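Thanks for asking me to look this over. Here are my notes, in the order I would read them with the structure open.

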Amino acid sequence: MDAILLQILNGLDKGGAYALIALGLTIIFGTLGVVNFAHGALFMLGAFCAVTVKTLLSLEQVVEDPNQLTAWGTPVEIRTPYVEAWFGDFGLTLLQYSVPVSILIAIPVMLAIGIAMERGLIRFFYKRPHAEQILVTFGLAIVIQEIVKAQFGANPIPQPAPDILRGMVDFGTVIGLEAGNVAYPAWRLVYFLFSAAIIGLVFAFLQFTTFGMVVRAGMADRETVGLLGIDIDRRFTIVFGMAAVVAGLAGLMYTPILSPDYHMGMDFLVLSFVVVVVGGMGSLGGAVAAGFLLGIVQSFASMNEVKAILPGIDQIIIYLIAVVILLTRPRGLMGRKGVMEH
């Protein structure tokens, strides 16, 4: 029972990442009809927002202390982060919480990147075949990858979680089980709760705001909404930016779990496309449900007992499930008829 609960928790945090990326992919496909293979690069750029903020907060001022000399008789250099020199203990707190603090910077940055990407390139491929959209966005993803590699290097850059969230949570006692049986990393629980909150905000925005209702109407019938005098293109551009923000925040908050490197987005992109297809192209609910479902299934397939019987099953289980679902239900779990025919 404890092992099962632990695997479910493992699946929820990974499924949260899948669901967030797949949600952005589905929003873009549902509104613009674009298959965006650069979406994984947005996930990676969000992670590097955290790297950039941490780097800036870690900049140090160097002061020579003439009262302290080294073995060679030169003054000792005292290094102090600028944020500590300027703000004292509050500056040190900012440095320690650099990952969550980065959210404040990442939101406008990712929104601007998404809008620039849509206005600068994607809009020219709205009416082009999906194969051309895939080729151009995949090429864009490679360009972004290489820029990040040139700027930050090829090696992963660790981003620690705040001290208070680096330990384990005794999750068993939270749900009434014996203490110490189900210990789980605190930051992974934070990531799951964060992903659930973002998903809830996106659905609430689309469901309960006028802007969201117009977007949903445009997803169902773009031409009719345009005939009502509504500038649906402008709204869809903003939606593209929102999808970029969702992907970026997913990558940013994942950095304490997986150290950012230049190809982390491509690793998640392929799996997230499988999630979108399994959930049903254009179905927001399907993307989220499939993300968590496949995350949990992959977690169980990663158990040593399972891999001892079926070596390598954890690497292919998601694709096997995708094949089975598409053979039995070609539209995916919640897909609508004819979506890929437009």
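How many positive and negative side chains does the protein have, and how far apart do the centres of the two sets lie?

1. Charges first. The protein carries 19 positive side chains and 23 negative ones, with the centres of these two sets 14 Å apart. Please keep in mind that this is a predicted model.

2. Overall build. You will find 15 helices and four strands here. Along the principal axes, the C-alpha atoms fill a box of roughly 80 × 55 × 35 Å. Among contacts with a separation of 6 or more, 72% join residues 24 or more positions apart.

3. Surface and interior. Of the 342 residues, 45% count as buried.

4. The nonpolar cores. The largest nonpolar core has 87 residues, and Leu252 and Met253 touch the most other members. Apart from this core lies another, of six residues, including Leu5, Leu9, Phe171 and Tyr184.

5. A closer look at Thr26. This residue belongs to helix H1, which covers residues 2-32. Is Thr26 buried or exposed? Thr26 counts as buried because its relative accessibility is 0%, and the cut-off for buried is under 20%. Leaving aside neighbours within four places in sequence, Thr26 is in contact with Val276, Gly282, Ser283, Leu284 and Ala287.

Terms used. Residues numbered from 1 in each chain as written. Predicted model: local features only at pLDDT ≥ 70, side-chain atom pairs only at ≥ 80, totals over all residues. Heavy atoms only, no water. Helix = DSSP H or I, 4+ residues; strand = E, 2+ residues; numbered from the N terminus. Buried < 20%, exposed > 50% of the residue type's maximum accessible area, 1.4 Å probe, protein only. Contact = heavy atoms within 4.5 Å. Lys, Arg positive; Asp, Glu negative; His and termini not counted. Charge placed at Lys NZ, Arg CZ, Asp CG, Glu CD. Core = buried A, V, L, I, M, F, W, Y, C linked by side-chain atoms within 4.5 Å.
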